[in-house]
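This briefing is meant to be read alongside the sequence and the coordinates. It begins with a question about helix packing and then goes through the fold by topic.

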Amino acid sequence: MKKRLEQLRKDALAAFEKATDPASIQKLETQFLGRKAELAKLSKEMKALASAERPLVGKLINDIKKDISDIIQKKKSVSKSGTQSSVAFDHTLPGITPVVGHVHPIIQFLEKIEDIFTTMGYEVVEGPELETQEYNFDLLNVPEDHPSRDIQDTFYVDKNDKRGRPLVLRTHTSPVQIRAMKTRKPPVRLLVPGRVFRNERTDAGHESTFYQCEALVIDRGIRVTDLIGTLELFLKRLYGEDVKIRVRPHFYPFTEPSMDVDMSCLLCGGSGCVFCKQSGWIETLGAGMVHPHVLVNMKVDPKKYSGFAFGLGIDRLMMLYYGVDDIRLSYSGDLRFIEQF
Ligand code: FA5
């Protein structure tokens, strides 16, 4: 009996070794472990054996069953993973292109501006979007009851500063002038890009969230002509030699004298369109010579030093650069717009 059992083990293992597909493994399982299998018959015949021999043969039968079960398990897992991989991974199928984002057109444009100014020796600094009224207004020569606060109406948040006044979403990048000068001494050339917020009624040229880029230069003997020369050089580097600029007197509490600088509308070539409100000009930035009070707030002596500052409206400059006629497109999240850049 032992001989028959050993032969059976040999035959079974050899048969399973050759089997590759699940159907033939299943067939062999029935053939060798089923109720009518040779092994089952031999188990029944065990009763006829001498009692001394029975445990030995019983153990042998169990060993053979275990060997056959092990090889079935092994074969099934190989055949299963083989089947899965052949179905799930087909090298010849075209791949799925992953969706890859890219830098927003406003930030791409801001980087161009930073490049122009950093080659002129400017240092790029940033400041917080949530500001105290002190930095956003007071230290820029805009006291609490000053009417020019109304021009930059903003969003106040439900959190107070140390003086118990609500914090504001900054209305411009100018507060960073004061913050930056806490740790610097003249001469300085600073560039401050960032997001600003205003309680605006939106239209093709106005948003309630938009980008500005502030510049601050303080040194001995800085004059208005340095300011205008810098702006002209910057705008020509950005848009080309043909660009025309127009300087108009304006009022900003933090500069004296102050001016607004317009650029010829590149969308309509100056003939008038919805973006330039039919005027042929676009207001692109505010500028001026830093007010002596503001210099004092920066702990800079106005008798020794003078400076200029300007705040570029990045969105509008970007629109002129690419020919975009509605500012709201930039913040719409519309991929048909974003993917063009
Ligand atoms: C200011 O914000 C001043 N802080 C600029 C400044 C800095 C003046 C330093 C002097 C010295 P103003 O409110 O004009 O100024 O805004 C500056 C520019 O931001 C504008 O010329 C315009 O291009 C842009 N801008 C203003 N409001 C909006 C708006 N709602 N949507 C889009 N762009 C705007």
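Are α9 and α11 parallel, antiparallel, perpendicular or oblique to each other? In this predicted model, the two helices pack at an angle of about 40°, with their axes 11 Å apart, and α9 and α11 are therefore oblique to each other. The points below begin with the residues behind that contact and then turn to the domains, the other helix pair, the sheet and some backbone details.

**The contact of α9 with α11**

- Helix α11 covers residues 314-322, and helix α9 covers residues 224-239.
- On the α9 side the contact is made by Phe 234, Leu 235, Leu 238 and Tyr 239, while α11 contributes Leu 317, Met 318, Leu 320 and Tyr 321.
- Sorted by class, this contact has eight nonpolar residues, with no polar and no charged residues.

**Domains**

- The domain assignment of the protein gives domain 1 as residues 2-79 and domain 2 as residues 105-338.
- The centres of domain 1 and domain 2, taken over C-alpha atoms, are separated by 87 Å.

**The contact of α1 with α3**

- Helix α1 (residues 2-18) and helix α3 (residues 38-45) have axes that come within 11 Å and cross at roughly 160°.
- An angle over 145 degrees counts as roughly antiparallel, and α1 and α3 are therefore described as roughly antiparallel to each other.
- The crossing of α1 and α3 is left-handed, and the contact is made by Arg 4, Leu 5 and Leu 8 of α1 together with Glu 38, Leu 39, Leu 42 and Glu 45 of α3.
- By class, the contact of α1 with α3 has four nonpolar and three charged residues, and no polar ones.

**The sheet and the helices on it**

- Seven strands form an open sheet of mixed pairing, in the order β1-β5-β6-β10-β9-β8-β7.
- Strands β1 (123-124) and β7 (245-250) stand at the edges, and each has a single partner strand, so one side of each is left without a neighbour in the sheet.
- Within the sheet, strand β6 (residues 209-219) and strand β10 (residues 306-313) run antiparallel and are joined by eight bridges; Cys 213 has Leu 312 of β10 as its bridge partner.
- Helix α5 (residues 105-119) lies across β1, β5 (188-197), β6 and β10, and runs at about 10° to β6.
- Helix α9 also packs on the sheet, where it touches β7, β8 (255-264), β9 (281-290) and β10, and its direction makes about 30° with that of β10.

**Cis peptide bonds**

- The peptide bond from Pro 186 to Pro 187 is cis, with omega near 5°, and Pro 187 lies in the loop between α8 (175-181) and β5.
- The peptide bond from Glu 256 to Pro 257 is also cis, with omega near -5°, and Pro 257 has its place in strand β8.

- Gln 278, another residue other than glycine, has a positive phi near 65° and is found in the loop between β8 and β9.

Conventions:
Residues numbered from 1 in each chain as written. Predicted model: local features only at pLDDT ≥ 70, side-chain atom pairs only at ≥ 80, totals over all residues. Heavy atoms only, no water. Pairing = 2+ DSSP bridges. Helix = DSSP H or I, 4+ residues; strand = E, 2+ residues; numbered from the N terminus. Contact = heavy atoms within 4.5 Å. Axes fitted to C-alpha atoms, helices over the stretch in contact; angles between N-to-C directions. Parallel < 35°, antiparallel > 145°, perpendicular 65-115°, else oblique. Left-handed = near helix turned anticlockwise from the far one by under 90°. Nonpolar A, V, L, I, M, F, W, Y, C, P; charged D, E, K, R; others polar. Domains from an automatic or database assignment.
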